[in-house]
Amino acid sequence: MSFLRVENLTCRFGGIVALQDISFSMEKGEILGLMGANGAGKTTLLSLIAGNVAPSAGHILLEGERIDGRSPHRVNGLGVARTFQIVRPFAGMTVLGNVMIGALYGRGRTMSLRHARTQCLEILDEVGLADRRDLPAAALTLAGRKRLEVARALATQPRLLLLDEVLAGLNASEANDALDLIRRLRETRMLSIIIIEHVMKALMRLSHRILVLHDGKKIMDGEPAEVASDPRVIAAYLGEHAHV
Amino acid sequence: MSFRNFALKAVLAAAALSVALPSYAADPVKIGVGIAKTGPFAPAAIPTLNAYQMWADDLNAKGGMDVAGTKRPIQLVVYDDQSDFTKEAAIYEKLITDDKVDLLLSPYATPFHFAIVGVLERYKFPMVGSTAASVQLRTIKPGNIWFPTSAIPDKMGPELVSLMKKQGVKTVSISTLQSPFAQEMEKYVKAALTDSGIKLLSSQQYAMDVKDMTSIVSAIKKEQPDAVLSLSFPADSILFMKAAREQGLTAPFQFVLVGPTADFFGKIFGKNLDGVMTMGHWSPYQTKWPKGMPFFEAYSKKFNQAPDYLDVALAYMSCEITEAAVAKVGLDKEKLRKEISSTTFDTIDGPVKFTGVENSTTPTMFLQIQDGKPQIVWPPKEETAPFQKKGPWVN
Amino acid sequence: MKERALTIVSIIAALALFVGAPQIVNAYWLGVALQLLSGIALTQSWVAFSGLTGYVSLGHAVFYGAGAYVMALLWQSAALWEILVASGFTAAALALLIGYPALRVRGPYFVILTLGLSELCKYVVIAIEAALESSGRLLFDTPDPVFLYYIMLLLAVLATLLTWGLARSRWGAGLRAIREDETAASTVGVPVTFLKIMAFVLSAFIPGVVGAVWVLRTTFFEPMQLFSPTTSFTIVTMAVIGGSDGAPGPIFGAAFIVILSELLWARAPQFYLVLLGILLISFVLFIPRGIYGQLTALAQRRRA
Amino acid sequence: MDQIASTQLLLSALILASIYALVALGLNLIYGTMRLLNVAHGDLMMLGGYFSYWVFQLVGIGPLWSMFGAVLLTAILGAACYLSIVRYVIGNRELAARLEANSLLIFFGFAIIIQNGLSMAFTSDPRSYGYLNSILAVGDARVELNRLAVLGLGTVASAGCVLFFQFSRFGLATRALIQQRDAASLVGINADRIQLLVFCVGFGMAGLAGSLVSMTETVTPFGGFPYTISAFVVIILGGLGNLGGGILGAVLLAIIEIYGVALTSAAYRSILLYGVFITVLLIRPQGLLGRSAR
């Protein structure tokens, strides 16, 4: 049984088809890259998996259990956590406060504030925000906020982590740090990860497998090398964007 | 008035007060009032306060209030209840325990009276009420509050039906505001209509925040009743009258419950108010009550507007009764209670005597505005002018 | 630690003062204290929901009115405490009933919706009363004000404990997360609908009981007044002026408004209201976290 | 039933609709462009009403002329309000984060100030004057001339306002701002100037409505709140920020008020009204005409 199975997933907004008949599966511990031009439906796919949007048709199964159509907090309770492309910190709360919400309500459901605090301090340490834990989230730089997104998602103790462009807007060294972080996390926490990334080089290096979307449809999925050389992908995507 | 102007006046008033007080020879008699100076009830309540003020000023001009033989100046202590009756109990408690007033005058309107019944009872403080009327007031334990009104719905209902019968009314249509007093009135009018020979064509209620009464009036107009009863309060009375005029409601008998006695009503409707019937049991044109006309003239002169024939009359009556009782027995609460409960008082509205909490001498009457003047047209033995049919509406 | 001790001592002193008040002050000042306590109880309850979740409710008058109505209906036909509990539960049940649909909308929609719902309930009660041929309900032999005062004190303390406990709890953290970003909150596992409705129901209970106590004080029930939207606006004003992110704020807010109104309403009623308007605007503009928020900010700055 | 088909009711519904449309328009404009809930809107109306009342009483000039003064007065107030307060709120990140709640409180403060200021200045007596009050027969209906004037002027003003925002350059820019604040500033629309003008127009419309209504209804310091409530109902029905929808909402509300009452009972007027309002809010929060506004 696959860790995550997506079957014939379709999503419409009014008359617009955002995703059409998407099927794929991934294994535990795998890092799956999502690739596609703007508007290809990558973020929508994450939203569907995380439960933020209900699919119009199709199923999503996590270890054989259907999670589609459930509310986001239930999906999270089953071990799926996501970050947002446009970061959504709890701006008025401290950095630590942000992360603690994840610990208190996520899959871990730590009931005690004290325990949650200890857990979260560890996570902040891990992502490198420990020194800024008492700052209001709004005071962080963009790089900081991206890390905060990851930290908050991690605090929910996920099994599947959905990362939506966590490298965007970071400079080269920040991006490298982030990549290391993601790899490390996968190893230490036995995470499965789906990642959307515009920086192709990073995506190729990080992912075990890559799924390519174009106009809401799946073009192919396969190992990075396979994808990079596939003519359909080059036509649909790489042809338009030159920054490989 | 600009803010600065207002602040200046406030400061001056405070200064005047502090200077004026010691200049009185005797200790002033403090008289407490809680009334709506702000909020939606304020327009209707201010004339009542005016009556109190005029009474106090007159007494002070005459050297003060006669307290069982000694004249003492009086000082009104007035607080604003912000048109919120849930504040009234606290205000009267303040008047009694904090300001330590010697006497109380009543707030404006029925709920505000009801809201202080408990306080009066607790402190055994007698107070003559004014602008309150409800059948429920009879459920109040007598002894601390008295109601000089004779416009109580269970009496008005049958009387109004008798009056209509005498005027040859065969059919009647009623519209009623969903407000306690109007609803009580509706109930007792309807009860009296059964077996009266007058046919009730329709009776409808409307909600408090009505904005347009066209459909109500046009439904009534279609029925062509002899009599139209608008059991309304000032705001919707205005709406009713405007719609009635607009659509040319021609019923010869048109009754509007609350509003026509107020000065601003006359200003708004002018000649169109003529022929409109309303509740009330006082008119300055009643020659039997010699105090009436002088009061009317004095009030009109002082405030540049006519007194409300219902509210202001009641408010002034409550002052007169309080004054007479104090003149006789002084300020002792127990003696006052006995005095007010047992004596017949001479007022601008004729003799008043209480049985229980109720005025048992003044008969239930109805007024009709004729030539801009309030005339008593019912009952026959109190009549100041004969009933006239409502004429056509004018421009 | 020293600060904490100071806080505890002042809380105990304040409580002792309130418990002893009926022996010390006259009936009038007791009435003022009663107003203060009911202001605290109502505002705390409001803050427990609106302050923490950011859903501004302009409908709390409905819970207050519903409690008052239950008391007016049942007075002298059941034991006092039974009616008080029934009032609270009626208000809570009403919150459950309207909370589920209402809490699906956010922002300005929620604000206007709660105002509309509270007006709707008012007119429904008016229609019921009209159908019952009741014209206002006069309550006789109501309890002594001192007794009502102690009930209100209890309610204020309970409401304060509720908000205090909630604000520091796991639930409170979840509610604040909803206030900051509801979508993000649900994505990290916060059961937003459940939490919102629970908080709404909890925040309705005490206003219901407060309404029931007030109608005993007023001795007269009439729906236009007891369901008046002014009650809701007053609550919001107290919360804004005091601060709405925890239990201390409402105490400051209620105290500020009650003291201000004591100083002014008797002398210059209209001016008092104008001043209240000016203050409200000034607080929103310049002290948006309220008196308590400002005080803690100042204290922090001094320490830093 | 013949009553339902009468011209009298139709006229009344139209007159009411024209007032509601006018009142709601200003509120909608300000909410639409800036997400500010102006709960003082009805009180601004009363300000306009008092202005026309006093001009008539003191100089004998009717609202057909004094309405321009009323508009000017309230528009200046709008400008002052925007420049002194609103700009500060929008520019302050902490305040802007909870704009709806904060604006509600600020305007509530305004409402209290206007109400009690008016009552301090003019006492709280209801004011009314007879102007254009001769009665005209329209078909089988009779109607006061001033109500027809309200209908005519209200319709012209509302329609003019909607058309202006539909077709003028300024209107286009405003609608761009209504649809997408961030994007609008990207394409070089001067949001500050538009907002200032929107405030002038929004407040001015309230003043105009008050001036017109003073011919047919009484003006009191505390008479504004019911209009504010009605206006909120109207713009929810039509969709917050949707100007054309507001007109539809006004017509709908007037129909409920006149025909709903005629068909059922006036006793249920408020229940009916708030019932429809709440149902619409719950089922279609974007309004009957609105696209998904969030």
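Author: One term to start with: buried area is the accessible area (1.4 Å probe) that two parts lose on being put together, summed over both.

Reader: OK. What kind of model is this, and how are things labelled?
Author: This is a predicted model, where local features need pLDDT of at least 70, side-chain atom pairs count only at pLDDT 80 or more, and totals for chains, interfaces and linings use all residues. Residues are numbered from 1 along each chain as its sequence is written, chains are lettered from A and ligands numbered from 1 in the order in which they are written, and side-chain values use heavy atoms, with hydrogens and water left out.

Reader: How much area is buried between chain C and chain B?
Author: About 3,300 Å². Carbon and sulfur atoms give 62% of that area.

Reader: Which chains share the most contacts?
Author: Chains C and D, of the five pairs of chains in contact. Here 40 residues come from chain C and 40 from chain D. The buried area is about 3,700 Å², and carbon and sulfur atoms give 81% of it. Tyr109(C), Ile112(C) and Leu285(C) supply 19% of the area that chain C buries against chain D, more than any other three residues.

Reader: What about chain A and chain B?
Author: Chain A and chain B do not touch. Their nearest C-alpha atoms are 39 Å apart.

Reader: Back to C and D. Where does Leu285(C) sit?
Author: Leu285(C) belongs to helix 13 of chain C, in its contact with helix 3 of chain D. Helices (H or I, at least four residues) and strands (E, at least two) are DSSP runs, numbered from the N terminus.

Reader: How do those two helices meet?
Author: The axes of helix 13 (residues 269-286) of chain C and helix 3 (residues 63-91) of chain D come within 10 Å and cross at roughly 35°. Axes are lines fitted to C-alpha atoms, for helices over the stretch in contact, and angles run from 0 to 180 degrees between N-to-C directions. Ile281(C), Leu285(C) and Phe286(C) meet Ile85(D), Tyr88(D) and Val89(D).

Reader: What classes are those residues?
Author: Six nonpolar, no polar and no charged. Ala, Val, Leu, Ile, Met, Phe, Trp, Tyr, Cys and Pro count as nonpolar, Asp, Glu, Lys and Arg as charged, and the others, Gly among them, as polar.

Reader: And a helix pair inside chain B?
Author: Take helix 3 (residues 88-98) of chain B and helix 4 (residues 110-123) of chain B. Their axes come within 8 Å and cross at roughly 35°. The contact residues include Tyr92(B) and Ile96(B) of helix 3 of chain B, and Phe112(B) and Val119(B) of helix 4 of chain B. By class, this contact has eight nonpolar, one polar and three charged residues.

Reader: Is helix 5 of chain C mostly covered or uncovered?
Author: Mostly covered: 21 of its 25 residues are buried. Buried means under 20% relative accessible area, exposed over 50%, partly exposed in between (1.4 Å probe, protein chains only).

Reader: How does its length work out?
Author: At 1.5 Å a residue, the 25 residues of helix 5 (residues 107-131) of chain C should span 36 Å. The expected span of a helix is 1.5 Å times one less than its number of residues. The end C-alpha atoms of helix 5 of chain C are 36 Å apart, which agrees. After this helix comes Glu133(C), with a positive phi near 55°.

Reader: Where else is phi positive?
Author: Asp21(A) has a phi near 50°. Asp21(A) is in strand 2 (residues 16-26) of chain A. Asp21(A) is partly exposed, at 46% relative accessible area. Asp141(C) also has a phi near 50°. Asp141(C) lies in the loop between strand 1 (137-138) and helix 6 (145-168) of chain C. Asp141(C) is exposed, at 56%.

Reader: Which residues does the cis peptide bond in chain B join?
Author: Trp378(B) and Pro379(B), with omega about -5°. Pro379(B) is in the segment after strand 17 (373-378) of chain B.

Reader: Last one. Why does Gln195(D) count as buried?
Author: Because its relative accessibility is 4%. Gln195(D) is in helix 9 (residues 191-216) of chain D.

Conventions:
Contact means heavy atoms within 4.5 Å.
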